[in-house]
Amino acid sequence: MSDNAADQLYLGRQPILDRDQKLFAYELLFRDGSRNFAEVGCGVQATATVIANAFTELGVEAALGNCRGFINVDEAFLFSDMLELLPRHAVVLEILETVPPTPAVIERCIALKAAGFTLALDDVIQLEPEYAELLALVEIVKVDIQPLSRVQLMQLVMKLKPMGKVLLAEKVDSREQMEQCLKLGFTLFQGYYFAKPTIISGKKLDHSQLSLMKLMGLLLGDADTSELEAALKTEPGLTINLLRMTNSVGSGGSEKINSLGHAITVLGRRQLQRWLQLLVFAAGPQTSGCNPLLLLAATRGRLMEILAGELQPGDVGFADQAFMAGIMSLMPALVNLPIADVVAPLGLTPSLRDALCDGSGRLGSLLRVAQGSEDGDLPTLSAALAELPELSPKALNKGQTQALQWANCIGQEQPS
């Protein structure tokens, strides 16, 4: 195994939400990128090394903020000494369903629990008697709801509830499934149900969202400040928020901003663009806390902006377009409209429009990199990275971490 083996592992992540649909944790997915090799012997060591590095060199612990990181643990990794380098308070060890409940495994889990680790059991669909000891040791049980009928799911929950376990529903794909699991007493949820049109009542873009998106198009098109002012004037609420924000962050209190033109100048166009893009998502379907779709969009946009800087250093325009592509790619989920309808009124550049609608060009490849890493979809991720040979897996992992840190800050700044 070469010294840069750690560079060949990809970091993906999937959000885990609580009952209020607030972000609770991320499942961190570490994928071996060297699929052409059968390196079983040192694969565990490589995975372990990369995970340890992710928490030190990449600063994943800082990126998680108040959230925890769920980490998949197979049988070989369970017995690796590297496991003990992980920060106990920041991770949940998710024991895969492939781990046999042998006496040695039970003994190791007892030791890890005594050392302060939180354990979870993955992909539970039935209670097999041989797993009773292992089940007793874990705090969190992840239930794969996809293969289970409503009755089977109810029966499984009735057996698990008296054990006092935290129940996590995996692969929740629709509002109906989410509500069923809520009623049954699940407290954690995983799956992109919140980022799919089915969970959000089919609402069209309202007037203020259309205004925001038109403003974004003007900014990307480098419109005159007077044009921006004219567009903002039809949105008094937005204008007041803009002035308030600029007064609080822009001028340090030394001068008060009282005109839109002045606010745009002080805030700067790139900052204004970021603010508008995120406002669209902040006004999303959540009634309390930070919209998880906002966090996903913010992270995706920021990741693509960082990676664009790796691909074309110093090209601010390309980085801006990458951020916009990342944010805009999730608009269909937010407003339940096809992407072509979303971008139609915006006057986007051909390269940005083609990336969003057809997945073409370097921006399209970047978008697939971001989506593949979010889903832990290695074939998509590897194919997209092959289209961008200048982009190393290590740069991707570092970008992921920086993007998470940035998005977590946004999440904390949202009013509750």
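Tutor: Before we look at this predicted model, note that helix axes here are lines fitted to C-alpha atoms over the stretch in contact, and that angles run from 0 to 180 degrees between N-to-C directions.

Student: How are the axes of helix H6 and helix H7 oriented towards each other, roughly parallel or roughly antiparallel?

Tutor: The axes of H6, residues 150-160, and H7, residues 175-184, come within 11 Å and cross at roughly 30°. Angles under 35 degrees count as roughly parallel. The two helices, H6 and H7, are therefore roughly parallel to each other.

Student: Which kinds of residues make up the contact of H6 with H7, and how many are nonpolar?

Tutor: On the side of H6 the contact is made by Arg150, Leu153, Met154 and Val157, while H7 brings Glu176, Gln180, Cys181 and Leu184. These residues divide into two charged, one polar and five nonpolar.

Student: Is glutamine 14 buried or exposed?

Tutor: Glutamine 14 has its place in strand S1, which covers residues 9-18. A residue counts as buried when its relative accessible area is under 20%. Glutamine 14 has a relative accessibility of 19%, and therefore it counts as buried.

Student: How far apart in space are glutamine 14 and glutamate 374?

Tutor: In sequence, glutamine 14 and glutamate 374 are 360 residues apart. From C-alpha to C-alpha, however, the distance between glutamine 14 and glutamate 374 is 6.0 Å.

Student: What share of the residues of the protein count as buried?

Tutor: The protein has 20 helices and eight strands. Of its 416 residues, the share that count as buried is 52%.

How values were computed:
Residues are numbered from 1 along each chain as its sequence is written. This is a predicted model: local features need pLDDT of at least 70, side-chain atom pairs count only at pLDDT 80 or more; totals for chains, interfaces and linings use all residues. Side-chain values use heavy atoms; hydrogens and water are left out. Helices (H or I, at least four residues) and strands (E, at least two) are DSSP runs, numbered from the N terminus. Angles under 35 degrees count as roughly parallel, over 145 as roughly antiparallel, 65 to 115 as roughly perpendicular and the rest as oblique. Contact means heavy atoms within 4.5 Å. Ala, Val, Leu, Ile, Met, Phe, Trp, Tyr, Cys and Pro count as nonpolar, Asp, Glu, Lys and Arg as charged, and the others, Gly among them, as polar. Buried means under 20% relative accessible area, exposed over 50%, partly exposed in between (1.4 Å probe, protein chains only).
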